[in-house]
Amino acid sequence: MSKAAEIDIVSVSKVYGATTAVHAISLKIPPGSYCCFLGPSGCGKTSTLRMIAGHESISSGDVRLGNVVVTDFPPAKRGTAMMFQSYALFPHLDLIDNVAFSLKMKGVDKDARRAKALDMLKLMQMEPYATRRPAQLSGGQQQRVALARALITDPEALLLDEPLSALDPFLKIRMRAELKRLQKDLGITFVHVTHSQEEAMALADLIVIMNDGRIEQAASPREVFERPATAFVARFMGDHNVLSGRAVASDLNGIVAFETSGGQVFRVSGKPHQPGEPVDIGIRTDRVRLAAATDDAPGFNGVVSNIEYRGASVKLTVIGAGSDDFTVILSDADYFAQPVTVGDAVALSWALEDAVLLGRVTA
Amino acid sequence: MASIASKSVAEDPAQAQARSLRLPPAVLSYVQATPLILILGFFFLLPILMIAVVSFWDYDFAGLYPDFLTMNYEETLGSWITWKTYLNTLKYTVLVWGLTLAIGFWVAYFLAFHIRTTTMQMVLFLVCTVPFLTSNIIRMISWIPVLGRNGLINSALIDMGIIPAPIEWLLYSDFAVVLALVHLNTLFMVTPIFNTLMRIDRSLIEAARDCGATGWQILWNVILPLAKPGMAIGSIFVVTLTMADFSTVQVMSGGQSASVALMMKNQMSLLQYPAAAANAVVLLVVVLMMVAAILRVVDIRKEL
């Protein structure tokens with residue numbers, strides 16, 4: 001169980017009638033990595049996963065697994081296994097028969113397949129329940145059985161469709177850790193679809209953020225957080241404020257100045273823009289300070305519209321610079337040293353290097 | 001806040017009054033169940049009890065005499081005609097059950113898995129019910145011009161030169177009886193099976209495919225086991241209806257075959273009510289045993 005395959009997606013599209021769900025995306029998932037597809041519902045992440053699994057035909061493009069182009073292969077011939085959102089355990093079979101199902105389909109004789117299934121259940125610590133039906137199990141137990149059933153085929157890649165969405169928040173965090181550990185132990189490629197940023201950040205080696213059938217960014221969690229590629233990524237991942245405007249000047253030091261619709265001018269470091277070009281910047285909410293702007297620290301004046309106390313931090317929502325939900329996260333010490341109230345005018349600023357010039361998805 | 005407070009104050013006396021009139025919960029449930037108990041009692045339990053009582057009475061050509069005799073049962077069970085008739089009825093039932101199950105399953109399977117839109121599914125399902133817009137008798141009688149000696153099928157086959165003389169066994173035969181019964185009862189199989197098939201989570205089928213199952217393997221290992229409750233419910237409908245049928249057997253066999261219910265009908269027309277009642281009790285027991293057998297094989301509780 002150590003053979004992991006690289007998954008190579010080459011300009012794969014999915015067209016349903018007149019609507020295109022996935023727009024010619026390309027992506028390489030390194031072997032043995034934990035990859036999370038992240039995006040809002042309807043962004044094409046599940047369609048992409050199902051195309052890798054073979055449960056959805058590929059309208060154009062190719063999927064390569066290891067050295068084999070599997071575009072036209074049926075699901076079971078691809079060397080992938082899929083774990084379904086609601087686990088899709090067979091309600092009429094006990095756990096052994098559920099796990100042994102694929103072996104039964106291959107014609108493995110009864111004793112051999114039941115023995116192997118029991119080994120798989122042992123690995124998942126579900127052996128004591130082997131003769132139960134799925135309906136008699138809790139959500140977390142069902143997930144383990146579904147994993148056992150998927151892994152018994154010895155796949156090169158495991159595809160998980162929102163595996164944690166059916167669990168309660170506490171169990172979610174526990175099963176998340178279990179998934180990560182399992183992936184490390186088995187060393188195979190996991191591709192995991194989710195709409196939870198937190199889940200993706202916690203699990204992934206590679207986060208693929210999709211929107212509207214396109215990949216907005218595919219990078220490590222740290223890079224996605226520190227250098228979001230587009231305004232969508234910055235907004236979707238949270239923890240960033242996005243300010244938009246049009247470029248007014250770019251100087252030779254790599255500083256772009258732009259003007260928001262409200263008329264404020266901000267500076268940001270990044271590649272030069274033609275005057276008039278649209279510019280979006282992302283500013284980390286925890287790097288904004290309650291201090292007046294200077295030459296090195298752009299900023300603006302706004303009005304506090306909401307204050308949320310969160311224990312270790314305090315979240316201020318500020319109206320200004322064309323944004324009505326500019327968020328500032330202050331540590332509780334900083335906030336209580338200089339408390340403000342709703343309706344107060346405040347000066348906000350941030351270090352030049354804490355703002356990221358965001359790009360746009362082309363094509 | 002103020003309006004909520006004033007409202008609760010205004011309602012207080014009325015609420016207090018309602019509380020004093022309220023019956024204890026245990027009594028209340030019985031009151032709620034009374035209408036159904038009355039209806040079932042008068043139209044179901046009472047008639048069955050009367051049949052059971054009458055089955056022990058004495059009779060002659062002129063009247064019924066309250067008594068407690070086992071003669072009616074001895075005559076019914078002791079006569080080889082009864083046994084032959086039961087055997088014949090069972091033969092029809094097994095044939096009709098097998099055919100309606102096979103046809104009903106495939107129709108339901110087609111509707112549930114091969115028709116993609118819900119609208120089309122509903123339209124086609126309603127098409128299945130169209131024959132039920134006419135009465136049983138009319139649907140049965142309309143087979144006669146099709147199957148008769150000079151009917152559609154025979155004359156077509158003769159005109160095409162395939163057969164020299166009309167096929168005699170098309171009408172007034174066991175074939176005709178089974179054909180008409182299958183025609184009348186298949187929908188009772190289609191409906192519950194369609195219902196169970198529609199409840200099968202489609203991701204189960206994908207999961208089976210992911211495990212490498214072929215179409216037939218999915219059908220055999222996933223769909224059929226999960227359709228069992230629907231098949232059991234349909235079987236109960238078809239078995240009870242076929243066991244109790246007399247008009248189809250009479251019309252389609254041209255009076256040449258007998259069924260248990262037909263035997264009872266004949267006894268009643270001879271005013272042998274106690275004998276018919278004894279027969280009815282025996283039939284009831286047999287049918288209940290068959291239903292019990294079906295329920296033993298398949299757990300239908302999931303469906304209810």
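**Helix packing, domains and the contact between chains**

Helix α5(A) crosses helix α6(A) in a right-handed manner; a crossing is right-handed if the near helix is turned clockwise from the far one by less than a right angle, and left-handed if anticlockwise. The structure is a predicted model, in which local features need pLDDT of at least 70 and side-chain atom pairs count only at pLDDT 80 or more, while totals for chains, interfaces and linings use all residues. Residues are numbered from 1 along each chain as its sequence is written, and chains are lettered from A and ligands numbered from 1 in the order in which they are written.

In chain A, α5 spans residues 139-151 and α6 spans residues 169-186. Helices (H or I, at least four residues) and strands (E, at least two) are DSSP runs, numbered from the N terminus. The two helices pack at an angle of about 20 degrees, and their axes are 10 Å apart. Axes here are lines fitted to C-alpha atoms, for helices over the stretch in contact, and angles run from 0 to 180 degrees between N-to-C directions. α5(A) and α6(A) are therefore roughly parallel to each other (under 35 degrees is roughly parallel, over 145 roughly antiparallel, 65 to 115 roughly perpendicular and the rest oblique). On the α5(A) side the contact is made by A:G139, A:G140, A:Q143 and A:L147, and on the α6(A) side by A:L171, A:M175 and A:L182. Contact requires the C-beta atoms of two residues, placed from the backbone, to lie within 7 Å. Sorted by class, the residues of this contact are four nonpolar, three polar and no charged (Ala, Val, Leu, Ile, Met, Phe, Trp, Tyr, Cys and Pro count as nonpolar, Asp, Glu, Lys and Arg as charged, and the others, Gly among them, as polar).

Seven residues of domain 1 of chain A contact five residues of domain 2 of chain A. On the domain 1 side, β9 (206-211), β10 (214-219) and α8 (221-226) of chain A are the elements that give two or more residues. That side of domain 1 of chain A has three nonpolar, three polar and one charged residues. In UniProt, the annotation "domain: ABC transporter" (unreviewed entry) covers residues 7-237 of chain A; UniProt positions follow the numbering used here, feature names are shortened, and annotations may be inferred rather than shown by experiment. The span 7-237 of chain A is 37% helix and 26% strand, with its end C-alpha atoms 25 Å apart.

Which elements of chain B each supply at least two residues of the side that touches chain A? The contact takes 15 residues from chain A and 14 residues from chain B. On the chain B side, the elements in question are α10 and α11, and α10(B) gives the most, with six residues. The side of chain B that touches chain A has seven nonpolar, three polar and four charged residues.

These helices of chain B also pack against each other. α10 (residues 202-210) and α11 (residues 215-243) of chain B meet at an angle of about 135 degrees, with axes 10 Å apart. That makes α10(B) oblique to α11(B), and their crossing is right-handed. Residues B:L204, B:I205, B:A208 and B:R209 of α10(B) meet B:I218, B:N221 and B:V222 of α11(B). By class, the residues of this contact are five nonpolar, one polar and one charged.

Elsewhere in chain B, α3 (residues 71-78) packs with α14 (residues 273-297) at an angle of about 65 degrees, with axes 9 Å apart. The crossing of α3(B) with α14(B) is right-handed. In α3(B), B:N72, B:Y73, B:E75 and B:T76 meet B:P274, B:A275, B:A278, B:N279 and B:V282 in α14(B). The contact of α3(B) with α14(B) has five nonpolar, three polar and one charged residues.

UniProt also places "domain: ABC transmembrane type-1" (unreviewed entry) at residues 86-294 of chain B. Over that stretch of chain B the chain is 77% helix and 0% strand, and the end C-alpha atoms lie 19 Å apart. Among the residues that UniProt lists for "transmembrane region" (unreviewed entry) are 36-57 and 218-244 of chain B. Residues 36-57 of chain B are 86% helix and 0% strand, with end C-alpha atoms 31 Å apart. For residues 218-244 of chain B, the figures are 96% helix, 0% strand and 37 Å between the end C-alpha atoms.
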